[in-house]
Each structure stands twice: as C-alpha cells, then as structure tokens.
Amino acid sequence: MSVKIILLIIFAVIAVIVGGLRLISIFSEKISFYSYGRENGFRMSETGIVWKIVKKLGILDPLSLYESIPTLNRVIAMLLSEMRREGGSAVGGQVLVSKLNKLRTKVALEGDENMRIQSTASLEGGQRLSVIFPGRGVYSSVVLNNGRRIEIELPKKVMKIGSSSKSEILPPNQWKGKLVTVYMWRKGDACYAFDTSVDDAGSFEGKPCIMLNHTSKLDRIQKRQAVRCNCSIESHLFVIKSSDIDYNRIDLEADGVKCMLEDISESGALICLGGKAKANMRIKLQFNLSSTLIMMFGIVRSVEFNKEKNESKLHFECTYIDDDMRNTLLNYIYGRLSMGDAVEETRGSAKKKEAVDSDLLSSIASDAELAEKTKAVVQQNSNSAGG
C-alpha cells in the first residue's frame, strides 16, 4: 500500500474522529438530559416529550430540570396545559405527570439534607425534647440556652391517674451524672436521637435546669417522604367500617363530618374538627381542589384534644389516593410553595415559630415505643462500632 493511500486513510480516520467529537459536543447536553432522564425512571419517549417542552419554554439550562423546583413547576404546568388542549387526561400523560411529580418531591426532599445538623451545638432555644431517664421513663423538656453546654428546663413527666393527671419532676441532683437518651423533632427536617450525659444542674433566668454535654453523634432516625403545605381546606370525614373499601365511591356530604384541613401532603394531613376524636380510626377524606374531587383513604395515627375549645387535631396518614387525584393535590401543594405561602419548607416563619410538628412527638409518646427506639439506636451504634 502506497504512502499516499495510507495518509488518506489516516486523514479520513482523523476526520471521522473530529466529526464525532464535534457531534458529541453539539449533542452532549441532550445526551446528558436523556441520561439523567433514564436514571430517574423516564422512558426515552417520555424524556423526548419533556425535552421538547423544556426547549419550547426557552429554559437556558435544560439539566436544571433535575435539580430545580421552579423548572419542574414550569414544565409540569405546560404539560398539563397541553394535555387539556388535546382533550383531557390521557393515560400516558398522567403517567408522565406522576413521574415528574415524583422527581419534584425527590428534589424537594433532597433539599432538606441542607438542613441536617451535625452537632448538638446547632440546637436552638425553644427546641422541645423527650429525655429518657434510665429506669424511670420519658420526660419532656425544652432548650433554654445553648452555649458551652445545653441548658434545658428541668424535665417533667405527665402521668395520667384515672381521668386526672399530675406532673412528676425529679430533683436536679438526681439527674447529675446520668447518661440519658434524647429525642427531638427538628421542624422541617427530621427526628434526631443522641446519647449524652448530664454534666450539672442549676438555673437559667430563674428557671431550674440541667446541663447536657454536647455531642456530634446524632442519629437521624426519621425522614419525611412527602412535601406538605399549610392550608385551609374544607373537607368531609367519613369513618370506614367495612373491610372492603370502594375507592371509587363518592359519598354524600351529609353522611360525613365537616372538618378543616390545616396542612396536607400526598401522604397525610392535619385535620381539625369539633369534639373529641379517637386514634386508629380508618377514615376517608373527601374535598375539592379547583373543582376537582379528591378522596384520600387512611388511618388516624394520633389525636390532640383541646378540652377548652372542645376541638381535636387528627394526624392522618394516607394509605391510598388515586394517581390522578395525587397529581392534582401535588400541583396544589407546589403551587402554594411557589407563591411563598406558609409552608413547611419556609424556614423561620414568625407565624409558626413556636409550632412543633407533633407527628413524631405523638408517635413516641409511650415509654414502650421509646424504649424500643432506644434499643434500635443503641444496637445500630454497637454494630457501627463493631464494624
């Protein structure tokens, strides 16, 4: 083979490589977009639809779809608009909306990781605590001051005796030197548990307190799986008595109990209603959002009863909601988020400054449950140390 032919072959190969690299450079953004789409559970055809919408919206950074709530909001809004224009809720369209909503929730919850604390030095005054005194049970307290040590209000334990109750407060000297386990629900974040020792006892601004040593060994033992928002939605509650549930049946409002939803997510709601309610009831919520009927089925996990107001707050866990209804509900939630309403993700709201998410506090209210959680945390720490 002549030198001329060899050179031609070499030039041809180089041209192909350069051309290929140029094409990769031109389409690298689109390739990355499709790659991220596959990683997040989208089919090629679905990613193609989303890519066209992103381009139609003129979004300068298409990849922001996978990490930006505002970008996702815009894409979902246009997708829904196009579905309505084409004549309603096609099955494929609703499936794509569901996948985009799943991605939107993932992005929102991953943002919560930025709130994660690494040390008790980050605790703020007013943080409520559940403190386990070895052999005596669970006591409640609150952080008064956080400096060289964590100064907390002298813990107390409320005990029910028949229809009445009384508080048990141990003398400060009984706490000194004790190794205690502390649980806390950090609003907008998660539940934390940590072991520490009581260094001393004293007073802070005239209040008797005990002083806990700091630690950086915190177990983050509970994490939200859904994004919620504050709301004021009129609803009707129906008690489910049958073992067979018809998820498509629309009940008459007159057959239910009128109530108000004070916050909501795809996984549950905080319900306010008059009178005294019971926990562990199976219920159905039925209400309207933007003229769309929503039905949520589930169980009342805990109840807070205000005797003075004769009013109950029900912490409801949703176990079933139709996919189309879930999409409508999520669009409502993220719509309120984008408008800057008082939402759980809005940190430091003065209006809710002293509010505490009681879902966790209710779930760990009994000594038995706390003891089990403590064993789990201790076992986890032991396994980590052994590994």
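Which residue forms a salt bridge with Arg 301, and how far apart are the closest N and O atoms? Some notes on that and the rest of the model follow.

1. Ground rules. This is a predicted model, where local features need pLDDT of at least 70, side-chain atom pairs count only at pLDDT 80 or more, and totals for chains, interfaces and linings use all residues. Residues are numbered from 1 along each chain as its sequence is written, and side-chain values use heavy atoms, with hydrogens and water left out.

2. The opening pair. It is Glu 317 that forms the salt bridge with Arg 301, with 2.5 Å between the closest N and O atoms. A salt bridge here is a side-chain nitrogen of Lys or Arg within 4 Å of a carboxyl oxygen of Asp or Glu. The two partners sit in distant parts of the chain, 16 residues apart: Glu 317 in strand E15 (residues 311-321) and Arg 301 in strand E14 (residues 292-306). Glu 317 is partly exposed at 32% relative accessibility, and Arg 301 is partly exposed too, at 46%. For these labels, buried means under 20% relative accessible area, exposed over 50%, and partly exposed in between (1.4 Å probe, protein chains only).

3. Asp 251 and its partners. Asp 251 has a salt bridge to Lys 284 (2.7 Å, N to O). That pair also links distant parts of the chain, 33 residues apart, with Asp 251 in the loop between strand E10 (229-239) and strand E11 (257-265) and Lys 284 in strand E13 (residues 282-289). Both residues of the pair, Asp 251 and Lys 284, are buried; for Asp 251 the relative accessible area is 15%. Asp 251 also meets the side chain of Arg 249 in a salt bridge, at 3.1 Å, N to O.

4. Other charges. The whole structure holds 14 salt bridges. Arg 43, Glu 46 and Lys 99 are joined in a network of them.

5. Overall make-up. I'd keep the chain totals in view: 8 helices and 15 strands, where helices (H or I, at least four residues) and strands (E, at least two) are DSSP runs numbered from the N terminus. Of the 387 residues in the protein chain, 41% are buried. Among contacts (heavy atoms within 4.5 Å) with a separation of 6 or more, 62% are between residues 24 or more positions apart. The chain exposes about 21,800 Å², and carbon and sulfur atoms supply 52% of that; the areas come from the Shrake-Rupley method with a 1.4 Å probe, and for residues only the protein chains shown count as cover.

6. Nonpolar cores. The largest one has 56 residues, and Val 75, Leu 100, Ile 264, Ile 271, Leu 285, Phe 287 and Met 296 touch the most other members. A second, separate core of 21 residues includes Leu 123, Phe 133, Met 184 and Ile 210. By nonpolar core I mean a set of buried Ala, Val, Leu, Ile, Met, Phe, Trp, Tyr and Cys residues joined through side-chain atoms within 4.5 Å. Phe 297. This residue is in strand E14 and is buried, with a relative accessible area of 4%. Its C-alpha atom is separated by 6.5 Å from that of Leu 285, 12 residues apart along the chain.

7. Two buried polar side chains. Ser 141, in strand E2 (residues 137-146), is buried at 6% relative accessible area. A polar atom of the Ser 141 side chain lies 2.5 Å from the backbone oxygen of Glu 153. Thr 181, in strand E6 (residues 179-185), counts as buried at 11%, and its side chain makes a polar contact with that of Asp 195 (2.6 Å). A polar contact is a pair of N or O atoms within 3.5 Å; within protein, one must be able to donate a hydrogen and the other to accept it, and residues adjacent in sequence count only if both atoms are side-chain atoms.

8. Helix H6. Spanning residues 323-338, H6 has 16 residues and reaches 22 Å from its first C-alpha to its last, close to the 22 Å expected; the expected span is 1.5 Å times one less than the number of residues. At the start of H6, a side-chain oxygen of Asp 322 comes to within 2.9 Å of the backbone nitrogen of Asp 324. Among the buried residues of H6 are Met 325, Leu 329, Ile 333 and Arg 336.
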